[in-house]
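Here's a quick briefing to read with the model open in your viewer. Have a look at the sequence and the fold, then work through the notes below.

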Amino acid sequence: MKTLESDEQWQSMMQNAPGLVVLYGGANCQVCQVLKPKLDQALAEHFPKLDRVYVDCEVHTALCAQSGVMSLPVVAVYVGGQKTFEAVRTFSVGEVLSAIERPYSLFFE
């Protein structure tokens with residue numbers, strides 16, 4: 001999972017990635033830090049065609065605010081430029097994988 005470095009990188013990913021999973025988190029959010037490697041591994045294994053990015057909301061506060069992130073963690077899934085799923089605060093990796101399954105199969109297979 002890539003860590004977002006700049007606003008330009010964000011714009012490029014949103015415009016060019018056919019599928020994108022965004023994990024909004026924070027360095028001081030323990031749930032976010034535990035979730036990040038588990039989610040990354042599961043996505044790489046089950047949905048290899050999706051790009052993955054981690055947005056640290058303590059660094060990119062304006063971007064998180066524009067995206068409507070009010071609590072952490074948040075996972076947002078974009079397929080074909082459209083948000084297809086969003087999980088906020090209390091969710092499991094399995095729930096995220098289940099929600100991605102149908103749009104992924106329609107768009108990528």
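Which hand does the disulfide of Cys57 and Cys64 have, and why? The torsion about its S-S bond is about -85°, so this disulfide is left-handed. Keep in mind that you're looking at a predicted model.

**Disulfides**

- The structure has two disulfides, and counting bonded cysteines along the chain gives the pattern 1-2, 3-4.
- As a reminder, a disulfide is a covalent bond between the sulfur atoms of two cysteines.
- One of them links Cys29 with Cys32, at an S to S distance of 2.4 Å.
- About the S-S bond of Cys29 and Cys32 the torsion is about 75°, so that disulfide is right-handed.
- Cys32 is buried, with 0% relative accessible area, and Cys29 counts as buried too, at 15%; the cut-off that matters here is under 20%.
- The other disulfide joins Cys57 to Cys64, with the sulfur atoms 2.2 Å apart.
- Both Cys57 and Cys64 are buried.

- Is strand E2 enclosed or open to the outside? Seven of the seven residues in E2 (residues 19-25) are buried, so the strand is largely enclosed by the rest of the structure.
- You can check that face by face: Gly19, Val21, Leu23 and Gly25 are buried on one side, and Leu20, Val22 and Tyr24 are buried on the other.
- E2 pairs with strand E4 (residues 74-79) in the antiparallel sense, over six bridges.
- For a landmark in that pairing, look at Val21, which sits opposite Val77 in E4.
- E2 also runs parallel to strand E3 (residues 51-56), and six bridges join the two.
- Here the landmark is Tyr24, with Val55 of E3 opposite.

**The cavity**

- How many cavities of 30 Å³ or more does a search of the whole structure find? It turns up one.
- The volume of the largest cavity is about 30 Å³.
- Its lining is made up of Met13, Met14, Ala17, Leu20, Tyr78 and Gly81.
- By type, the lining of the largest cavity has five nonpolar residues, one polar and no charged.

- The peptide bond between Leu72 and Pro73 is cis, with omega about -10°.
- You'll find Pro73 in the loop between helix H3 (61-66) and E4.
- Arg89 has a positive phi, near 65°, in a residue other than glycine.
- Arg89 lies in the loop between strand E5 (82-88) and helix H4 (93-108).
- Is Arg89 buried or exposed? At 58% relative accessibility Arg89 counts as exposed, because the cut-off for that is over 50%.

Technical notes
Residues numbered from 1 in each chain as written. Predicted model: local features only at pLDDT ≥ 70, side-chain atom pairs only at ≥ 80, totals over all residues. Heavy atoms only, no water. Disulfide = S-S within 2.5 Å. Buried < 20%, exposed > 50% of the residue type's maximum accessible area, 1.4 Å probe, protein only. 1 Å grid on protein atoms, 1.4 Å probe; cavity = no way out; pocket = protein on both sides within 12 Å on 5 of 7 lines; lining within 4 Å. Points joined across faces, edges and corners; volume = space filled by probe spheres on them. Nonpolar A, V, L, I, M, F, W, Y, C, P; charged D, E, K, R; others polar. Helix = DSSP H or I, 4+ residues; strand = E, 2+ residues; numbered from the N terminus. Pairing = 2+ DSSP bridges.
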